[in-house]
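Here's a quick tour of a model you can follow on screen. Keep the structure open and click along as you read.

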Amino acid sequence: MLSHASGENILVELEIAGGNRMALIQEIQHAPLGGNVLHIDFHAVSMDEKIHADVPLEPTGIANGVKNFGGLLEQSLRSLSIECLPRDLPDRITVDISALNIGDSVHVRDIQMPEGVTAKVQPDLTAFSVVAPAVEEVAVVAVEGAPTGPEVITEKKPAEGEAAPAAASGKEAKK
């Protein structure tokens, strides 16, 4: 069952002492080697009382500002705290971001919640935004008197008080 689950919040029906109870899986412990399930903690729930849960936010589509203008998608919220009845608990909340251009954002208040689900965070929180790529411009400052390239040494420079050596003609003088 766990390998086929698509979300973090899994509602299961447990048979305990001849009776059935609904429960959410709260924590799963896996073996370090092999990954076998060692232990599962359950949280009993009533089907007629609202529960609080964190549900992953998942973007769908490719934002127009990313695809056509080189923008970057920023996801500020990875999960959303919600309240709902156990039967209305979604695996994840998907948000279509394909219409976002550079400078556009999706706030919590803009997210279409599934029926019976209420967000329990501030509605002004930004979930997704498309920003312009940051380009760092390096200013080149020329210093007066500084060489513009590497100095090429062709002959020995005279020391102070010495005369400059005569330029070689390419042929050595014969003695």
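## The charged pairs

R109 comes out as partly exposed, with a relative accessible area of 49%; the classes are buried under 20%, exposed over 50% and partly exposed in between, using a 1.4 Å probe and protein chains only. Its side chain meets that of D124 in a salt bridge, 2.5 Å from N to O. For the record, a salt bridge here is a side-chain nitrogen of Lys or Arg within 4 Å of a carboxyl oxygen of Asp or Glu. The pair links distant parts of the chain: R109 sits in the loop between β8 (105-107) and β9, D124 in the loop between β9 and β10, 15 residues apart. D124 counts as exposed, at 56% relative accessibility. Strands are DSSP runs of E with at least two residues, numbered from the N terminus.

How many salt bridges does a search of the whole structure find? Three. Another one joins the side chains of E58 and R92, at 3.0 Å from N to O. Since E58 belongs to strand β4 and R92 to the loop between β6 and β7, the pair ties together parts that are 34 residues apart in sequence. E58 is partly exposed at 33% relative accessibility, and R92 is partly exposed at 30%. Then there's E83 with K120, whose closest N and O atoms are 3.8 Å apart. This pair also links distant parts of the chain, with E83 in strand β6 and K120 in the loop between β9 (118-119) and β10, 37 residues apart. E83 counts as buried at 17% relative accessibility, while K120 is partly exposed with a relative accessible area of 43%.

## Ground rules

This is a predicted model, so local features need pLDDT of at least 70 and side-chain atom pairs count only at pLDDT 80 or more, while totals for chains, interfaces and linings use all residues. Residues are numbered from 1 along each chain as its sequence is written, and side-chain values use heavy atoms, with hydrogens and water left out.

## The nonpolar core

Nonpolar side chains tend to be buried together in soluble globular proteins. In this model, the largest nonpolar core has 24 residues. The term means a set of buried Ala, Val, Leu, Ile, Met, Phe, Trp, Tyr and Cys residues joined through side-chain atoms within 4.5 Å. The residues with the most contacts inside this core are L57, L80, I82, L89, I93, I111 and F128. At least two core residues come from each of β4, β6 (79-84), β7 (93-96) and β10 (126-131), and β4 gives the most, with four residues.

Leaving out residues up to four places away in sequence, I93 touches V55, P56, L57, E58, L80, I82, I111 and M113, where contact means heavy atoms within 4.5 Å.

## How the strands pair

Two strands pair if DSSP finds at least two bridges between them. β4 and β6 do this in the antiparallel sense over six bridges, and H52 has E83 in β6 as its bridge partner. β6 is also joined to β9 by two bridges, again antiparallel, with I82 standing opposite A119 in β9.

There's an open sheet of three strands too, in the order β5-β10-β8 with antiparallel pairing. Which strands sit at the edge? β5 (72-75) and β8, each of which pairs on one side only. From one strand to the next, the twist averages 10°, with axes taken as lines fitted to C-alpha atoms and angles running from 0 to 180 degrees between N-to-C directions. β5 and β10 pair over four bridges, and E74 has S129 in β10 as its bridge partner.

## Two residues to check

P59 lies in strand β4 (residues 51-60) and is partly exposed, at 30% relative accessibility. Not counting residues up to four places away in sequence, P59 touches Q75, V95, I97 and F128. P59 and A127 are 68 residues apart in sequence, yet 9.7 Å apart in space from C-alpha to C-alpha.

A17 is found in the loop between β1 (11-16) and β2 (19-30), and is exposed with a relative accessible area of 85%.
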